[in-house]
Amino acid sequence: MSSFSEEQEALVVKSWGSMKKDAGEWGLKFFLKIFEIAPSAKKMFSFLKDSNVPLDQNPKLKVHAKSVLVMTCEAAVQLRKAGKVVVRDSTLKKIGATHFKYGVVDEHFEVTKYALLETIKEASPEMWSVEMKNAWGEAYDQLVSAIKTEMK
């Protein structure tokens, strides 16, 4: 596992700090970007299957999107301090099992990474830089690696 530098940590912490108060809104934008890039991804969410509610108004999607964004960003913020991805083991096992059950593959993680980076860029345009993109990319890759370890 590659190291997450102090500079990378500072960029992640600073941008997450600016987004955190509107995490629900940014989480929803993040998921709407995923569905824009990969419309078929909607089929992977049981709570969207038979829903006639527009995506941007779906209460279950809003809750799910916010929790995913918060977990992803909090894991990124903890990365350097802990030296590894910090998500409760039981949570990581559950996430891994769920992703396995729904047939999540590398391409899904790539789409999600792109959507995450685009969302962060939109949320903190004045801070956005190649360094910040790389910092978030590294944090995301390490989280995905931890999830893949639990996908069985």
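The lining of the largest pocket in this predicted model divides into 21 nonpolar residues, nine polar residues and one charged residue. In total, 31 residues line the pocket, and the space within the pocket amounts to about 830 Å³. The residues that lie nearest the centre of the pocket are F31, F45, H64, V68 and H99. Two or more lining residues come from each of helix 2 (23-37), helix 3 (46-49), helix 4 (59-82), helix 5 (89-101), helix 6 and helix 7. Of the contributors to the lining, helix 4 gives the most, with six residues.

Helix 2, one of the elements that give two or more residues to the pocket lining, also holds F35. The relative accessibility of F35 is 4%, and F35 therefore counts as buried, the limit being under 20%. Apart from neighbours within four places in sequence, the contacts of F35 are A41, K42, F45, L48, L55 and L61. One of these contacts, F45, is also among the residues nearest the centre of the largest pocket. F35 and F45 stand 10 residues apart along the chain, and their C-alpha atoms are separated by 11 Å.

Helix 6 and helix 7, which both contribute to the pocket lining, are also in contact with each other. Helix 6 spans residues 106-123 and helix 7 spans residues 130-149; their axes come within 10 Å and cross at roughly 145°. The crossing of the two helices is right-handed. On the side of helix 6, the contact is made by D106, F109, T112, K113, L116, L117 and I120. These residues meet M132, K133, W136, G137, Y140, D141, V144, I147 and K148 of helix 7. By type, the residues of this contact comprise nine nonpolar, two polar and five charged.

Q8 itself belongs to helix 1, which covers residues 6-19. With a relative accessible area of 17%, Q8 falls under the 20% limit and is therefore classed as buried. When residues up to four places away in sequence are not counted, Q8 touches S3, N134, A135 and E138.

Methods. Residues are numbered from 1 along each chain as its sequence is written. This is a predicted model: local features need pLDDT of at least 70, side-chain atom pairs count only at pLDDT 80 or more; totals for chains, interfaces and linings use all residues. Side-chain values use heavy atoms; hydrogens and water are left out. Axes are lines fitted to C-alpha atoms, for helices over the stretch in contact, and angles run from 0 to 180 degrees between N-to-C directions. Helices (H or I, at least four residues) and strands (E, at least two) are DSSP runs, numbered from the N terminus. A crossing is left-handed if the near helix is turned anticlockwise from the far one by less than a right angle, and right-handed if clockwise. Contact means heavy atoms within 4.5 Å. Ala, Val, Leu, Ile, Met, Phe, Trp, Tyr, Cys and Pro count as nonpolar, Asp, Glu, Lys and Arg as charged, and the others, Gly among them, as polar. On a 1 Å grid over the protein atoms alone, a cavity is a set of points where a 1.4 Å probe fits but cannot get out, and a pocket is an open set with protein on both sides within 12 Å along at least five of seven lines; lining residues have an atom within 4 Å of a point. Grid points are joined across faces, edges and corners, and a volume is the space filled by probe spheres set on the points. Buried means under 20% relative accessible area, exposed over 50%, partly exposed in between (1.4 Å probe, protein chains only).
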